[in-house]
Amino acid sequence: MEDGPSFITVTATGNIQHKRSGSNQSMMSGGVPNHWTHNESDTSGTNQMQLRRTRRSRIPDKPNYSLNLWSIMKNCIGKDLSRIPMPVNFNEPLSMLQRLTEDLEYSELLDRAARCDSSLEQMGLVAAFSVSSYSTTVHRTAKPFNPLLGETYELDRLEEYGYRSISEQVSHHPPAAAHHVASERGWTLWQHITIDSKFRGKYISVMPLGNIHLQFHSSGNHYVWSKVTSTVHNIIVGKLWIDQSGDIDIVNTTTKDTCRLKFSPYSYFSREVPRKVTGVVEDGEGTAHYILSGTWDEKMESAKIVESSQGCGGSEGKQKTVYQTLQPKLLWKKYPLPDNAENMHYFSALALTLNEPEEGVAPTDSRLRPDQRLMEAGLWDEANIEKQRLEERQRLERKRREVQANQVLEEVQDIEGYQPVWFEKRTDENTGEASYMYRGGYWEAKERQDWSHCPEIF
């Protein structure tokens with residue numbers, strides 16, 4: 001029996017009003033699978049899953065440290081926070097490289113997208129994936145560690161989920177990271193992200209600059225999008241809370257299909273659902289085919305458009321488009337947080353495994369960073385001492401490179417005089433932007449355990 005129609009009004013400002021009729025919403029076949037059947041706390045996995053490595057499902061509880069926030073932040077208004085030394089009390093025990101990798105928690109969405117015959121259906125799954133990366137941030141008000149220049153992070157999940165990920169801190173001022181993920185399930189993702197963070201008095205705004213690229217192997221479809229602004233509120237008084245706001249424009253540069261996702265900022269006076277996300281999937285001719293709706297902390301749905309018409313003018317005199325759609329189908333739903341998450345920095349199941357010690361990684365890997373390791377263990381005083389040592393060492397190394405660069409006077413050398421080990425700057429043929437892309441060789445070096453090119457940073 002076919003789903004009943006529903007009526008959606010889309011105004012020129014991007015707001016969507018969705019009125020459904022008919023039976024309860026349907027879900028995509030198979031629903032949302034649980035990635036974490038290999039956790040220690042889960043005994044429902046198949047024999048095949050039980051043979052795989054058991055990864056940790058706990059970290060030490062966060063100590064109850066008090067800190068006068070205003071005493072530290074009062075001199076930071078309007079400044080770039082990456083240049084201001086901060087105690088680990090503001091941090092969570094993960095680096096920004098690990099937080100970038102955490103975007104892959106719902107990689108199964110990309111596996112499904114790789115199997116899509118329709119580029120428009122594929123766009124919907126890519127859009128859901130772009131939203132899913134924010135789902136764990138709703139409680140994560142602490143900042144990740146700023147990686148040291150040359151710091152790396154690998155995540156090898158070939159056995160479980162078919163992908164391997166490598167990232168590297170390629171610049172310190174401004175802080176910038178390059179990231180490359182290759183999947184055996186039909187896709188490759190890469191990004192070069194620079195973080196611009198400012199303290200505005202009552203809130204901190206974090207603006208990731210740069211594009212995320214995703215290419216599917218069988219079709220060649222190449223998607224490009226960027227991230228929205230994250231805002232941490234109540235810095236001085238009240239309970240910290242985080243919001244995501246802005247637009248994400250996803251473009252399939254191969255077919256010219258597009259999707260604009262609107263992240264509505266939270267308003268105390270609004271009747272809208274908090275953390276609301278809406279979007280429209282259009283083909284290269286500008287014809288709308290799907291309506292996307294949901295929230296960035298819970299789920300995203302897709303409704304196929306069967307008819308559209310021009311409605312009456314809105315209250316501001318702006319013309320409305322009315323879409324008649326089928327019942328929405330679930331694209332993505334957030335996994336529940338692990339037990340005791342509130343005492344473990346509100347980490348997801350994946351986040352709990354990211355800093356787990358791993359044999360054979362590069363000596364520059366974030367897992368080996370001593371101040372971060374001490375903080376995870378609950379030894380915050382010792383972690384702060386170690387953090388100061390590492391930052392002073394990094395400052396001295398930067399001065400040494402600057403002196404060396406001035407002596408050589410090579411115009412091609414950047415101001416840092418630093419060249420990344422695993423990434424190199426190239427011009428992207430789709431966007432024309434210069435960004436750091438994976439040059440290759442990391443996994444081969446790991447196989448040989450040849451880390452002779454890695455700097456000594458810890």
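This is a predicted model: local features need pLDDT of at least 70, side-chain atom pairs count only at pLDDT 80 or more; totals for chains, interfaces and linings use all residues.
**View 1. Strand β11 pairs with β9 and with β12.** Let's start with β11, which spans residues 212–216. Four of its five residues are buried, leaving the strand mostly covered. Strand β9, residues 187–199, runs antiparallel to β11, and five bridges join the two. Look for Trp187, whose bridge partner in β11 is Phe216. Strand β12, residues 222–225, also pairs with β11 in the antiparallel sense, here over four bridges.

**View 2. A hairpin links β11 and β12.** Zooming in on the turn, you will find five residues between the two strands.

**View 3. Four aromatic residues come together in one cluster.** The members are Trp422, Tyr442, Trp443 and Trp451. The model's count of aromatic pairs comes to 12. Among them is the pair of Tyr442 and Trp451, with ring centres 5.3 Å apart and planes at 45° to each other, a tilted arrangement. Are these two residues buried or exposed? Both Tyr442 and Trp451 are buried.

**View 4. Two charged side chains sit over aromatic rings.** Here are two contacts to enjoy side by side. The charged end of Lys227 lies over the ring of Tyr134, at 5.5 Å from the ring centre. Arg275 places its charged end over the ring of Trp296, with 6.0 Å to the centre of that ring.

Definitions and conventions. Residues are numbered from 1 along each chain as its sequence is written. Side-chain values use heavy atoms; hydrogens and water are left out. Buried means under 20% relative accessible area, exposed over 50%, partly exposed in between (1.4 Å probe, protein chains only). Two strands pair if DSSP finds at least two bridges between them. Rings of Phe, Tyr and Trp (its six-membered ring) pair if their centres lie within 6.5 Å; planes under 30 degrees apart count as stacked, over 60 as edge-to-face and the rest as tilted. A charge sits over a ring if NZ of Lys or CZ of Arg is within 6 Å of the ring centre and within 35 degrees of the ring normal.
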